[in-house]
Amino acid sequence: MIKMELIFLGTSAAIPSKKRNHSAIALKAFGEVFLFDCGEGTQRQMAKAKVSPMKIEKIFISHLHGDHLLGLPGMIQTMAFRGREEPLHIFGPQGLRGMVKVALKLGYFSMNFDVYVHEIGAGKIIEKEEYVISCAETEHTVPNLSYCFEEKKRPRFLRDKAIRLGLKPGPAFGKLHRGIPVRLGNRIIRPEEVLGKPRKGIKITYSGDTRPSQELVKLARDSHILIHEATFEAGKEDKALETGHSTASEAAEVAKRSNVKNLILTHLSTRYKRSDIIERAAREIFGDTIVAHDLMSVEVRKYATKDDS
């Protein structure tokens, strides 16, 4: 079973505090490190968390406010200094290409790898054998993308049934499990003959910065984990509306409407020295809520399925 780990590298809104850095979340899965947002100081947080920037192949930027992307220039230069040769792919909204172009001209350094910038809109953006990543356009003061990572889990392989059909354990089993038909004498054995019912893989959704959004509700539907911004406490709805953010209670309502299993709140205003006021308000609406703190690590599969029988 593939291990997945979420590491919250930065959980502050707008400006960093003594305890919370700018926004960044790392997801370790399938031998990759996926980075969602890259606020200033992200690479130092990665050093503390023992996450190598050299393992990052893809970075997903939610929007073009500085607290979500000003870590990119230093991150790229560190990769270059360490001799990176593999290409780096950066995804985000319109305007990202120009910002990365500027970042690549800051200071004197040389690099031996390509940086590909993908300006994207709503829909599926990456599909691999193991996972799919998609996004939706949600509601902030500037264009914001919310992202969804979904594991593609294969149906269970019915080994006894395959043997009854005359197959012997070996390479044919693996091919059938991957959806490839195999020949047995004059007969073709099709995958559906030896596979069980479809299984739902782990689904994680990240809001970026947004007001409560129907598009986010659709994207997050039935997620195991929804990571939602909660810049303000309940009762600060006017301030949240003015700045294009969400309160803790509004984030909890999104989780409830999306039928997610777990809600993790992040992007807290520096006015909150303690997170209990945020967590308490959200839990009144959605019980399975926690507030992230910097360098918090979550073993995804264990946490996301903790209540499954």
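Q: How do strand E1 and strand E2 pair, and over how many bridges?
A: Strand E1 (residues 5–10) and strand E2 (residues 24–29) are antiparallel, with five bridges. Two strands count as paired if DSSP finds at least two bridges between them. Strands (E, at least two residues) and helices (H or I, at least four) are DSSP runs, numbered from the N terminus.

Q: Before we go on, what kind of model is this?
A: This is a predicted model: local features need pLDDT of at least 70, side-chain atom pairs count only at pLDDT 80 or more, and totals for chains, interfaces and linings use all residues. Residues are numbered from 1 along each chain as its sequence is written, and side-chain values use heavy atoms, with hydrogens and water left out.

Q: Back to E2. Which residue there is the bridge partner of Leu6?
A: Leu27 is the partner of Leu6.

Q: What is the strand order in the open sheet with E1 and E2?
A: The order is E6-E5-E4-E3-E2-E1-E16. That makes seven strands, with mixed pairing.

Q: Why is one side of E6 and of E16 left without a neighbour in the sheet?
A: Strand E6 (115–119) and strand E16 (296–299) are the edges, and each has a single partner strand, so one side of each has no neighbour in the sheet. From one strand to the next, the twist averages 20°. Angles here run from 0 to 180 degrees between N-to-C directions; axes are lines fitted to C-alpha atoms, for helices over the stretch in contact.

Q: Which strands does helix H1 lie across?
A: Helix H1 (residues 42–49) lies across E1, E2, strand E3 (32–36) and strand E4 (56–60). H1 runs at about 135° to E1. Contact means heavy atoms within 4.5 Å.

Q: And H2, where does that one lie?
A: Helix H2 (residues 72–81) lies across E3, E4 and strand E5 (88–92), at about 165° to E5.

Q: What is the order in the other open sheet, the one with E7?
A: The order is E7-E8-E9-E12-E13-E14-E15, again seven strands with mixed pairing. Its edge strands are strand E7 (123–127) and strand E15 (289–291), each pairing on one side only.

Q: Do E14 and E15 run parallel or antiparallel?
A: Parallel: three bridges join strand E14 (residues 262–266) to E15. Leu265 stands opposite Val291 in E15. Helix H9 (residues 276–283) packs on this sheet and touches E14 and E15, making about 165° with E15.

Q: What volume does the largest cavity have?
A: About 70 Å³. A volume is the space filled by probe spheres set on the grid points, which are joined across faces, edges and corners.

Q: What lines the largest cavity?
A: The lining includes Leu6, Leu27, Phe149 and Tyr206. E2, strand E9 (144–151) and strand E12 (203–206) each give two or more residues. By class, 10 are nonpolar, one is polar and none is charged. Ala, Val, Leu, Ile, Met, Phe, Trp, Tyr, Cys and Pro count as nonpolar, Asp, Glu, Lys and Arg as charged, and the others, Gly among them, as polar.

Q: And how does the lining of the second largest cavity divide?
A: Two nonpolar, six polar and two charged. That cavity holds about 40 Å³.

Q: Which residues does UniProt list with His68 for "binding site"?
A: The unreviewed UniProt entry lists Asp67, His68, Asp209 and His267. UniProt positions follow the numbering used here, feature names are shortened, and annotations may be inferred rather than shown by experiment.

Q: Why do they gather at one spot?
A: These residues span 201 residues in sequence, yet no two of their C-alpha atoms are more than 10.7 Å apart, so they gather at one spot. His68, Asp209 and His267 are in the lining of the second largest cavity. Asp67 sits in the loop between E4 and H2.

Q: Last one: how much space lies in the largest pocket?
A: About 290 Å³. Its lining has 12 residues, and among those closest to the centre are Ile2 and Glu151. The classes are three nonpolar, one polar and eight charged.

Note on methods
1 Å grid on protein atoms, 1.4 Å probe; cavity = no way out; pocket = protein on both sides within 12 Å on 5 of 7 lines; lining within 4 Å.
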